[in-house]
Amino acid sequence: MTSSILSCKSRMADDLGPMSLGRRFFVSVSTLMSSTIIAQAITFGASFILTRLYSPSEYGHYSIFMGIAAALGAASTGALDRVILLGGSDGEVKQVATTVFASSIACAGIVSLLGLALTLTGQNSLIPLEPADLQFHIPVFMVCLAGGQVFIYSSLRANTMRTLAAAKIGQNMLVAGAQILLGQARVIPGLVIGAIAGWFLVFVMGLRWRLKLGLGREDFRLASLVKPFRKHSRYPRYVVPNELLDNLSHQLPIFFIGAFLSLTEAGQYGIAVLML
């Protein structure tokens, strides 16, 4: 881990040029903070329009969907996306990115099949979501989230903060714009489709970065795909459970409200949390 951090610092130092390390760090942090503020302002401003286009029950459905999809999406990568930032050689990072994509696609396929099985057996009522969410929307979101994480950590590794900042703002603009347009057209579920559209943007950017590194048959061999899990086993072993617990602790109130009361109450709770 220490050698990985030192190599990351050396890469940053190589890209400094005439700018000092402290000044470059300040510029990078300022760029990310500014983009985060702008992105949050877009989301906050759009919420005043969205609350007029969507009912509380639709917000309840959206809140439950995001809680489940985000937790499954984070777990599907095995937390190996962090290795892209701290990994040693470019060859290792290339294989880790391939494994992240493959793992998320495999997990998404399993979730889709489980959703189909629950629907066919009539057990999908146990989860306050629609069959299309379990079979299609959640799996697609999982893959898009994994690709987005690849893009984020590859941008941090390459120290391309402006690209990352622009992508963050563009993602929030796309989500807000899509949700508003779908709400005006009364497309259901507009909130869910809009969120997927935003993550699809960064997924494409992450996939584009991976394709630039080149593809070979060896990258897709089972031994090559499993190797990152074996070498960096501490990530899926320790980071994933921690993320799942953290995610579930935030989403359990909305899930239980939607399951035992109604989606309307869950939506009202979700809107209140969003506005706060």
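Biologist: At roughly what angle do the axes of α5 and helix α9 cross?

Modeller: Two packed helices are described by the angle between their axes and the distance between the axes. Axes are lines fitted to C-alpha atoms, for helices over the stretch in contact, and angles run from 0 to 180 degrees between N-to-C directions. Here the axes of α5 and helix α9 (residues 222-231) cross at roughly 100 degrees and come within 8 Å. That makes α5 roughly perpendicular to α9, where angles under 35 degrees count as roughly parallel, over 145 as roughly antiparallel, 65 to 115 as roughly perpendicular and the rest as oblique. Helices (H or I, at least four residues) are DSSP runs, numbered from the N terminus.

This is a predicted model, in which local features need pLDDT of at least 70 and side-chain atom pairs count only at pLDDT 80 or more, while totals for chains, interfaces and linings use all residues. Residues are numbered from 1 along each chain as its sequence is written, and side-chain values use heavy atoms, with hydrogens and water left out.

Biologist: Which residues of α5 and α9 meet?

Modeller: Contact means heavy atoms within 4.5 Å. From α5, Glu92, Gln95, Val96, Thr98, Thr99, Ala102 and Ser103 meet Ser224, Leu225, Pro228, Phe229 and Lys231 of α9. By class, the contact of α5 with α9 has five nonpolar, five polar and two charged residues; Ala, Val, Leu, Ile, Met, Phe, Trp, Tyr, Cys and Pro count as nonpolar, Asp, Glu, Lys and Arg as charged, and the others, Gly among them, as polar.

Biologist: What does Glu218 touch, leaving out residues up to four places away in sequence?

Modeller: Glu218 touches Gln95 and Ser224 on that count. Glu218 lies in the loop between α8 (190-212) and α9. Glu218 and Gln95 are 123 residues apart in sequence, but their C-alpha atoms are 9.4 Å apart in space.

Biologist: Is Glu218 buried or exposed?

Modeller: Buried means under 20% relative accessible area, exposed over 50%, and partly exposed in between (1.4 Å probe, protein chains only). With a relative accessible area of 54%, Glu218 is exposed.

Biologist: How do α5 and α6 pack?

Modeller: Helix α5 (residues 90-120) and helix α6 (residues 131-158) pack at an angle of about 165 degrees, and their axes are 7 Å apart. The two helices are therefore roughly antiparallel to each other. By class, the contact of α5 with α6 has 17 nonpolar, six polar and two charged residues. Ser104 is found in helix α5 and, at 0% relative accessibility, counts as buried. Beyond its neighbours within four places in sequence, Ser104 is in contact with Ser76, Met142, Val143 and Ala146.

Biologist: At roughly what angle do the axes of α3 and α6 cross?

Modeller: The axes of α3 and α6 cross at roughly 50 degrees and come within 9 Å. These helices are therefore oblique to each other. The contact of α3 with α6 has eleven nonpolar, four polar and one charged residues.

Biologist: How many aromatic pairs does the structure hold?

Modeller: Rings of Phe, Tyr and Trp (its six-membered ring) pair if their centres lie within 6.5 Å; planes under 30 degrees apart count as stacked, over 60 as edge-to-face and the rest as tilted. The structure holds five aromatic pairs. In one of them, the rings of Phe44 and Phe48 have their centres 5.1 Å apart and their planes at 90 degrees, so the pair is edge-to-face. Phe44 and Phe48 both lie in helix α2 (residues 21-53), four residues apart, about one turn of the helix. Phe44 is partly exposed, with a relative accessible area of 39%. Another pair joins Phe65 and Phe141, with ring centres 6.0 Å apart and planes at 80 degrees, so this pair is also edge-to-face. It links distant parts of the chain, with Phe65 in helix α3 (residues 56-76) and Phe141 in helix α6, 76 residues apart.

Biologist: Which residues does a cis peptide bond join?

Modeller: Most residues other than glycine have a negative phi, and most peptide bonds are trans. A cis peptide bond joins Ile188 and Pro189, with omega about -5 degrees. Ala79 has a positive phi, near 60 degrees.
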